[in-house]
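Please read the following briefing beside the sequence and the model, and look up each residue as it is named.

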Amino acid sequence: MKILICISNVPDTTTKIRFVDNNASFDTNGVQWIINPWDELALTRALELKEASAGAIEKITVISVGGTGAEPTMRKALAIGADDAIRVNAEPTDAYFVAYQISEAIKDEGYDLIITGIESSDYNGSAVGGMLAEFLGIPSVSSVSKMDLAEGNIALKREIDGGSEVIGTQLPFVAIIQKGVALEPRIPNMRGIMMARKKPLKVVEPADAEKLTEFVDYELPPAKATCKMVDPENMKELVNLLHTEAKVI
C-alpha cells in the first residue's frame with residue numbers, strides 16, 4: 001500500500017498579517033512558515049498506521065504545490081518520517097488549481113490512500129480534498145476523525161450531526177481528516193532531520209490549468225475597542241454601558 005499526504009505551506013498562527021500593493025497581496029516578508037496543522041495530523045496518523053502494518057504499507061509520500069520557499073516545510077515532513085516528497089513548482093493560487101496540479105502529478109503513481117487536511121489554516125476553504133477526488137475519479141470521505149487499518153481494509157469514523165458514523169470504502173480513495181485522527185503531531189528528532197537531507201524531493205513542473213478565481217483585495221478585521229474599566233462599586237454605570245454600548249441587555 002502506498003499513501004500520499006497533501007500538505008500546505010502556511011504562515012505560523014502567531015504571524016502578524018500585513019498586506020501590500022494597495023491591500024492586493026499578502027506580505028510574506030518575515031513570515032514563519034509551517035506545515036498546515038491538519039496536514040501534520042494526517043502525516044502523523046499515516047506514520048502510526050505504517051508502523052502497525054507489519055510491512056503492508058510500503059511508502060508514505062508528501063506532496064505540496066508551491067515555490068522553493070515551501071521546501072523547508074517539506075523537509076520537515078521528511079524529518080518527521082515521510083519517505084519521499086513531491087513539489088509541484090507553482091504558486092498555489094486557489095483550491096481548484098491546487099487540486100488539479102496534485103491530480104496531474106500523481107495520476108500514474110498508483111496511490112492507494114490519499115489524505116488531506118479538512119482545510120488550511122490560512123484560507124480555510126475546505127475544498128481541495130473533494131476536488132482532488134473528483135479529478136482522480138475516486139471516492140472521498142470527509143470529516144474523518146478516526147482511521148484504522150485491519151487486514152488490508154480501512155475503517156473510518158466521521159462526525160455527523162448528533163453523533164458519529166463508521167464508514168468502510170474501497171481503495172483507492174481520498175480521506176479528508178479533521179482533529180481527533182491523531183492526538184498530537186510528531187516532532188522531528190535529530191536523526192530524522194539528518195535523514196531528511198538524503199531523502200528524495202522530486203520537483204515537477206505544473207500542468208496547464210485555468211485559474212477560476214483571483215484575489216482582488218484583502219482587509220483586516222476592525223480593531224477591537226479599548227477596554228473600559230468600571231469601578232466595582234459603580235453598578236449603575238456598568239448597567240448603563242451594557243445597555244447603551246455593548247447592547248447585551
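Isoleucine 249 is found in the segment after α6 (235–244), where helices (H or I, at least four residues) and strands (E, at least two) are DSSP runs numbered from the N terminus. The model is a predicted one, in which local features need pLDDT of at least 70 and side-chain atom pairs count only at pLDDT 80 or more, while totals for chains, interfaces and linings use all residues. Residues are numbered from 1 along each chain as its sequence is written, and side-chain values use heavy atoms, with hydrogens and water left out.

**The surface around isoleucine 249**

- Isoleucine 249 has a relative accessible area of 55%, and it is therefore exposed; here buried means under 20% relative accessible area, exposed over 50%, and partly exposed in between (1.4 Å probe, protein chains only).
- Together with Met235, Leu238, Val239, Leu242 and Val248, Ile249 forms a nonpolar surface patch with about 520 Å² of accessible area.
- Such patches are made of residues with over 30% relative accessible area and no salt bridge, with like charges joined within 9 Å and nonpolar side chains (Val, Leu, Ile, Met, Phe, Trp, Tyr) within 5 Å.
- The areas come from the Shrake-Rupley method with a 1.4 Å probe, and for residues only the protein chains shown count as cover.

**The sheet and its helices**

- An open sheet of mixed pairing is formed by nine strands, in the order β11-β10-β9-β12-β8-β1-β6-β7-β13, where two strands pair if DSSP finds at least two bridges between them.
- At the edges are β11 (163–168) and β13 (201–204), each of which pairs on one side only.
- Strand β1 (residues 2–6) runs parallel to β8 (residues 113–117), to which it is joined by three bridges, and it also runs parallel to β6, with five bridges between them.
- Among the facing residues, isoleucine 5 stands opposite isoleucine 115 in β8, isoleucine 3 has leucine 113 in β8 as its bridge partner, and lysine 2 is partnered by lysine 59 in β6.
- Five of the five residues of β1 are buried, so this strand is largely enclosed by the rest of the structure.
- In a regular strand the side chains alternate between the two faces of the sheet; in β1, Lys2, Leu4 and Cys6 point one way and Ile3 and Ile5 the other way.
- Helix α1 (residues 37–52) lies across β1, β6 (59–65), β8, β9 (140–150) and β12 (173–177), and runs at about 165 degrees to β1; contact means heavy atoms within 4.5 Å.
- Such angles run from 0 to 180 degrees between N-to-C directions, and the axes are lines fitted to C-alpha atoms, for helices over the stretch in contact.

**Salt bridges**

- The whole structure holds eleven salt bridges, each being a side-chain nitrogen of Lys or Arg within 4 Å of a carboxyl oxygen of Asp or Glu.
- Glutamate 51 and arginine 186 meet through their side chains in a salt bridge of 2.7 Å, N to O; because glutamate 51 lies in helix α1 and arginine 186 in the loop between β12 and α5 (190–196), the pair ties together parts that are 135 residues apart in sequence.
- Arginine 87 forms a salt bridge with glutamate 71, with the closest N and O atoms 2.9 Å apart; arginine 87 is buried, at 4% relative accessibility, whereas glutamate 71 is partly exposed, at 24%.
- Arg45, Glu48 and Asp148 are linked in a network of salt bridges.
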